[in-house]
Amino acid sequence: MPDVQTLVNDFVLKLKRRKIEGSQASAKQTAELLRSVVSQQRLPYINQATVLLDAVRAVGEQLIAANPVELAVGNIVRRILHIIREEDLTSTASAMEGLSLSANSDDDDNYEREDHQALSAAAVAAAARSTLRAPSLQTLLEGIPESASAPHPSSSGGDSEGKSKSAERSSRSKKLKHDVIEAINELIQDIETCHEQISEQAVGLIHQNEVILTLGRSRTVKEFLCAANEKKRSFRVFIAEGAPRYLGHVLAKELVAKGLQTTVITDSAVFAMISRVNMVIVGAHAIMANGGVIAPVGINMVALAAQRHAVPFVVVAGSHKLCPLYPHNPEVLLNDFKSPSDLLDFGEFSDCMDFSTSGGSPRLHVVNPAFDFIPSKLVSLFITDTGGHSPSYIYRLIADYYSADDFVVRRRSTTS
Amino acid sequence: MDSRRLPRTVIDPKVRLVGFFTSGDPPPARFNPNTADATAATAAAISSSSQNSDINLTGNSLSPVMIPPLRRMSPRRCDEMQMPIGSYNPSESLLGTSPSRRGINGPDFSEVATSAWLGISGSMKAAASFPGSSGEMMMVGKNGGNALVKNMDTTELAAKTVPGVTEKDGGTLTDMKNEGAGTVRHQKQMTTRAERRAIQEAQRASKAAAMMDEKDGGTRTDIKNEGAGTVRHQKQTTTKAERRAIQEAQRASKAVTMMDGKGGKSIASTGGGAPSISNQEKVLKQSQKKDGPQETGATSEKKVSRNPDKDRKKDIPQPRMQFDDKNRVEKAKRRAVVNQFEARNRVELFRHLPQYEHGPQLPYLESKFFHLDNIHPSVYKVGLKYLSGTITGGNARCQEMLLAFREAIIDYSTPPEKVLVRDLTSKIGSYVSFLIECRPLSVSMGNAIRFLKNRVAKLHHNVSESEAKSRLISDVDRFINEKIIVADQIIVQHAVTKIRDGDVLLIYGYSTVVEMILLHAHEQGKQFRVMVVDSRPKLEGKILLRKLVMKGLSCTYTHINAISYVMHEVKCVFLGASAILSNGTVFSRVGTACIAMVAHAFRVPVLICCEAYKFHERVQLDSICSNELGNPDVISNVPGKEDVNHLANWADHKNLQLLNLFYDATPSDYVSMIVTEHGMVPPTSVPVIVREYGKDQFIF
């Protein structure tokens, strides 16, 4: 499908050039792209789910490789893979019900039996997978009624078997695709509305005359604070400006426009001011499976200061930022470097550097990392769109959203 | 007991240095004893670390941490503590105390120790060649006495031989024109134990008394009382005259050592005690004291008798001006030279600090340059520099201020019908309040002002104006030299030992001492990399980075938010300080606390490099109670980034405040070590240094 391929290539290019700012935007765009991939994928009669999974996985691999640091992309790919699996599981379950009915009605149909066997094998595999995946309340609540109540076309077993079967198959294939796309739409909507859901919880967490500190700018934080302000809570916000991008200034402007008491401080004054702060609220770039947080640079310093003064450190993030990976050396491996021109103007120090003597290697390096890693022990609370969670619960939350098979997104090798 | 330990042939430099010294270091500065006069200033700075003489150091200088001994203890405890001294071979115990001589040959401890030892064992030449090393000889005598006490208790024989040696050599010494020898000679006449004890007590008492004389505020009431008590205690054993004589001799010797060669003034203070000392010595003394006026002894005696309660009260640091106190602010405004306008959008949390509009003061002051007669032009100039921010940093500000005061003193003439001491003090006071209006004082400046005022107050009314002025000028010069220049050199010597090849050092902001350390290490050929961490709004790191890169150091530059990223590879953090407070809190450029905190979290040692004159007895727990606020406008505009102008008209929004803090307080548990000219000490030793040396800073 050339048109999908061009879309994918465009998106990969954008990711590579870091044109997409913020995890919410990249998450949403990834979901939209994968939705079109799913909708354009032509499905065969059998093994529809596998084909769909392979297609999504192929695209997902490219996307993740384009910007491995933007974990939201990978998260969304895994979420969609998980959605496909879930939908497949439900349709298989309903098909099995229908099959068992039809098997009871006419035993002599070989094709049906074969199909039955094939499907039962798939069902066994699916069951095995679902046991691998930790049981979750969500699947229990959602899965059972759906399969039970799903009206099945094949339940009307009759004389015109072949005809009805082919119709059933085509309807099933359409149904799977349709369900997946429906679920992806839901996901996109979730990503869009995660701010509202998060900020609904603001009133419960911010009290009158509270002093809140944040660093840099996060849209989630902004919405969170504004929501509390709209509910007639009056509190004071300290904003560390967040070098080297100084987005704290933007946040300050936005909050002041909403009528919040705002004080802008330099990043270096964080430790000085934290002793008068009641709560630290920051946004995150990604939340790792062990409860650690990847956040804009400087936040680890804030977290350490908050720990020193026993100030609650709250991370607000949409569930698309939940990453099922366990980080290893995330400060280096999951970090990104920005341009040195944020710190030093181009050629600013060229006059005092003698390139002839230093043997080719420059004597001056400029480090401008984009992210910090905050270990889970420094985080008091996560506020996601599903509610507040402690860092130790994150792994469990992740099991709801992702299936264990998808942690490594890689195309199946062609030999198998 | 004696035979158990042979006299050492190799003499370790038995230096009482508070704190941490690396083994095998060369002494901070090595001098030939004969050039002692020229290098006296350095010596005073260093050897002030070695003033305690009551306890001999049994440990050697290699031991990593030397606990400063108790200075004043009860007589009984004192005896206990001195047991090991007495049990040593006398020559060794003498050696041990040799560095306790103050001021003269400080840095060259080993040589001095050798010479002292030689002196006792016969050839007294080396010791005699030191001008005014009486303090040392005093201690020699005293410890000889202690040894004697001990030996009398144990073996009669030893007791006889030991004082014999002391006596004989002491005698030679006296003949050989050294004043200090007189004390030794004087002391050998004391034969009974009680008397010896008395001398000891008297010494201690006099020392305490001397402390009382010299300090400005007077915390030492307890000490003084103790001293007085011990003097009283020994009334039965020695006559009053004798006691007085000892005391005076003590004071004299102490003063002499402090005078670093140039002052006949303090030698004169022995005048009261001279008559009771042996004739021979008296002659010597009087011949020496002719070149100095006699007022020091008189003033000191007068001050000793001050009410102790008053002293104690005075020692609590003055509370700072609180700017949320409306009455006081109004009062201050009426007196003020500089017109200040309340800043808009003041930060509520910092109401107690001055928050004025930045900008209008400078042109206003510049326009008034020719109208302010009561402020000396040089002081005025410095004030304007403070205001405009051309001079920053504790050392630079303090130095400039002192130089301005020096100018003012040179141009000073006492108005008719006024006393120099009072008039000059009030003059300096008015200068200081002008400077405070320009910018709040730093701790370093406060200490320097305290020193200067103290020196002015010490002037006797008999002193002629020119004499007084020249003395004050030399005092100022010496303060700058000893407390800043030489102190920095010593700090560099200490800190350089902590840099090794392949290290990655992290520095923050711009500290002159840290810069000197890095450049010195680079000159020594050490291979290391420097992480320069910088923060808005001052971006002082860039200035330092430029200097370091120019010199050929390999540097990495980053901003403070990236500190967690770079801290992984850092081996050691070097930071400067604006002040170190008595609870170990380091008061420094804002951001220092963040750096120290992250370093602590990553288990990276944090070294604070700071001259001891920046130590202060004040305490502080947070960065809010006492701080300084800079111009908030510099926060809103980011230089070099035109697109970051979201806060252009920030003052129009009444809900928006910008806070530009200057300093923050680093808790002491983040600090691994403080490098001062007194050595490398843990932050818990700061109050000790403040107590032990803080008062001495003002004795010259």
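Val280(A) touches Leu213(A), Ile274(A), Val302(A), Ala306(A), Val311(A), Pro312(A), Phe313(A) and Val314(A), leaving aside residues up to four places away in sequence. Contact here means heavy atoms within 4.5 Å. Val280(A) belongs to the largest nonpolar core, which has 86 residues. Phe313(A), Leu506(B), Val573(B) and Ile608(B) are also among those with the most contacts inside this core. Another core, of 41 residues, lies apart from it and includes Ile375(B) and Val421(B). A nonpolar core is a set of buried Ala, Val, Leu, Ile, Met, Phe, Trp, Tyr and Cys residues joined through side-chain atoms within 4.5 Å. Buried means under 20% relative accessible area, with a 1.4 Å probe and protein chains only.

This is a predicted model: local features need pLDDT of at least 70, side-chain atom pairs count only at pLDDT 80 or more, and totals for chains, interfaces and linings use all residues. Residues are numbered from 1 along each chain as its sequence is written, chains are lettered from A in the order in which they are written, and side-chain values use heavy atoms, without hydrogens and water.

Now the confidence. Chain A averages a pLDDT (the predictor's confidence in each residue, from 0 to 100) of 81. Over residues 105–118 of chain A, pLDDT stays under 50.

Next, the chain contact. Chain B gives 59 residues and chain A gives 58. Three salt bridges are counted between chain B and chain A. In one, Arg536(B) pairs with Glu241(A), with the closest N and O atoms 2.8 Å apart. A salt bridge is a side-chain nitrogen of Lys or Arg within 4 Å of a carboxyl oxygen of Asp or Glu.

Note on methods
Buried means under 20% relative accessible area, exposed over 50%, partly exposed in between (1.4 Å probe, protein chains only).
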